[in-house]
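This report looks at charged pairs, a pocket and the confidence of the model. Please keep the sequence and structure in view while reading.

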Amino acid sequence: MRMAFTVDVEDWFCSPDLSLSEWEGHEIRLEKPVHQILDLLDENAATGTFFALGWIAERRPDLIKEIHRRGHEIASHGYSHRLVYQQSPQEFKQDIRMSKDILENILGSEVYGYRAPCFSMTDWGLDLLIEEGFTYDSSLIPNTFNKLYAKFDLPASDAIPFKIRDGLWEVPLPVYRVSGVNVPWGGGGYFRIYPYRLFSLGARSILRKRGSFVFYIHPYDLDPHQPRIFNTSKLNSIRRYSGLDAAYDKLKALLADYSCMSISRYCPQIGGKAQNERKIRNYS
């Protein structure tokens, strides 16, 4: 069973609730978990798409180069991790342009994919992605109970990718429909919280019905010793910190159980322009 494997390259403090000046005072811890992810991908002859924050890329350019050198696709997660619908169109345009420029200067090749912070895409945001030279977006999740996510009238059964605009492909995240409710099932905190067997059963069901599955994870999902600064409520604490100790073993199981690949390999319809991966080694 095949799935697209994606990583949102942000650290434990990269929250829209904190300003960039507040980020400066925190320890960057993502290098170890990113290397853990890279090693697991190598062990399973897998590739991934890494949606990198421009702010992180500025401070860890060698890490971005290492991800690329090891055969993976680099895409943009914006610069500042601000929610799209909390920015003006001009602010958003500046944010995605800055991130794209930073990543392309590091890589020496073009970046064509984008994912919005907390999946907060807007209708006008999609138009601006086209203006700034992106050819695909992976920010949409069919309507769920999560209030942060953008609300698009997107059927849960749609195959991927699909043309959401002339010149722009959409690669949405999966949901599992339970009693008429779309439950997020793509990864991240949900991957940590759900028992692995349950998550895998849901993923296989989605693959059978939809024919596709896009998985995502953050480096901090593999960092059980990260500082606890987002525990203002019991629910928030569960969402951010539950399952950290078991996440590495669950990820290892996922990569063994599924054939994982980058978005540009999983969705060749996007076209050769979107592939900034280096050729992966031959494991045969």
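## Salt bridges

The structure, a predicted model, holds 18 salt bridges. Side chains of opposite charge can pair when their charged atoms come close.

One of the bridges joins the side chains of Arg59 and Glu24, with N and O 2.7 Å apart. Arg59 belongs to helix α3 (residues 54-59) and Glu24 to the loop between α1 (20-23) and α2, so the bridge ties together parts 35 residues apart in sequence. Arg59 is partly exposed, at 27% relative accessible area, and Glu24 is partly exposed as well, at 48%.

## Lys93 and its partners

Lys93 meets Glu131 in a salt bridge of 2.6 Å, N to O. Glu131 sits in helix α6 (residues 123-131) and Lys93 in helix α5 (residues 89-107), 38 residues apart. Glu131 counts as exposed at 53% relative accessibility, while Lys93 counts as buried at 18%.

Lys93 also forms a salt bridge with Glu132, where the closest N and O atoms are 3.6 Å apart. Glu132 lies in the loop between α6 and β5 (136-137), so this pair connects parts 39 residues apart in sequence. Glu132 is buried, with a relative accessible area of 11%.

Helices α2 (31-43) and α10 (244-257) each give two or more residues to its lining. The lining residues, including Arg29, Asp223 and Tyr248, divide into five nonpolar, two polar and four charged.

## Confidence

The mean pLDDT of the chain is 91, and 89% of its residues reach 70 or more. Over residues 278-284 the pLDDT is below 50.

Terms used. Residues are numbered from 1 along each chain as its sequence is written. This is a predicted model: local features need pLDDT of at least 70, side-chain atom pairs count only at pLDDT 80 or more; totals for chains, interfaces and linings use all residues. Side-chain values use heavy atoms; hydrogens and water are left out. On a 1 Å grid over the protein atoms alone, a cavity is a set of points where a 1.4 Å probe fits but cannot get out, and a pocket is an open set with protein on both sides within 12 Å along at least five of seven lines; lining residues have an atom within 4 Å of a point. Helices (H or I, at least four residues) and strands (E, at least two) are DSSP runs, numbered from the N terminus. Ala, Val, Leu, Ile, Met, Phe, Trp, Tyr, Cys and Pro count as nonpolar, Asp, Glu, Lys and Arg as charged, and the others, Gly among them, as polar. pLDDT is the predictor's confidence in each residue, from 0 to 100. Contact means heavy atoms within 4.5 Å. A salt bridge is a side-chain nitrogen of Lys or Arg within 4 Å of a carboxyl oxygen of Asp or Glu. Buried means under 20% relative accessible area, exposed over 50%, partly exposed in between (1.4 Å probe, protein chains only).
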